[in-house]
Amino acid sequence: MSLVALFAWRPFPYGCLTAFYTILLAAVVSRPSSRRRLFFLPLLAMTWQLLSDAQAGYLSATLWFWSLLTASDYILVTDVQRELRLTGEPAAQSIENAPLIVRFKWAITLLCSSRGIGWAHGPCMRIPTATDTSRWTFITKQIVRFIASQLLFDAVNLHTRCNPALVDRLGLVHVGLAWRVIGTVGWAAGAAAALVGGHAAAAIFSVALGFSRPDEWYPVFGDLADTASLRKFWS
């Protein structure tokens, strides 16, 4: 598959992605066994099919291959039920002996915690403070954050209507410094706004339905002051 096909807009493979996550969930729910690694084979087969059919657009390819790396970790590298545990969960208490419904909920929690927040293997340095407010106060703040992020996303992408790098498809290399700066900053701000908006939407949904508590939702990004030095940035 050519790079042109990879970055072309294609219909998102919702069916394949649903099957992918269903298999991944089944692998995490399954008790430890040497046969558990076999769950990875259909994921590889679907990945190959996706590439050979040239159905991977930029967004779908990004999500798909990030998920493939997650699957390779949880299926091939890490014995999840024996090595991973929630914060405060006794090390001697193994989830592998729990009933199916308990393991199912545990697996959902793990797959929804890509940053490891609330897990013993999660980050332990310079974690932003979680919100400790009432349920509806938290939801209201997240709604405001979601709306603000969408407005910011639209605002920072206004330049795409007149930026010659995009309008004339010249690329950032072939336009002036000002347009390169605007394009780069706009892309970064837009990406940050999209992440914050998605995080806020998920928080609203999860807390409103009682799946999680407000204090379990840490901010996506830390303080801007942490970017003052490389040590703070990477810690």
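Is F20 buried or exposed? With a relative accessible area of 0%, F20 is buried (buried means under 20% relative accessible area, exposed over 50%, partly exposed in between, with a 1.4 Å probe and protein chains only). The model is predicted, so local features need pLDDT of at least 70 and side-chain atom pairs count only at pLDDT 80 or more, while totals for chains, interfaces and linings use all residues. Residues are numbered from 1 along each chain as its sequence is written, and side-chain values use heavy atoms, leaving out hydrogens and water.

**View A. Helix α2 packs with helix α3.** Helix α2 (residues 14-29) and helix α3 (residues 40-52) pack at an angle of about 160 degrees, with their axes 10 Å apart (helices are DSSP runs of H or I, at least four residues, numbered from the N terminus; axes are lines fitted to C-alpha atoms over the stretch in contact, and angles run from 0 to 180 degrees between N-to-C directions). That makes α2 roughly antiparallel to α3, a word for angles over 145 degrees. In α2, C16, A19, F20 and I23 meet P42, L43, M46 and T47 in α3, where contact means heavy atoms within 4.5 Å.

**View B. F20, Y21 and W64 form one aromatic cluster.** The rings of F20 and Y21 have their centres 5.9 Å apart and their planes at 70 degrees, so the pair is edge-to-face (rings of Phe, Tyr and Trp, the last by its six-membered ring, pair if their centres lie within 6.5 Å, and planes over 60 degrees apart count as edge-to-face). Y21 is partly exposed, at 28% relative accessibility.

**View C. Q142 lies in helix α7.** Within helix α7 (residues 135-156), Q142 counts as buried at 3% relative accessibility. Q142 touches A200, A203 and I204, not counting residues up to four places away in sequence.

Methods. Helix = DSSP H or I, 4+ residues; strand = E, 2+ residues; numbered from the N terminus. Parallel < 35°, antiparallel > 145°, perpendicular 65-115°, else oblique. Phe/Tyr/Trp six-rings, centres within 6.5 Å; stacked < 30°, edge-to-face > 60°.
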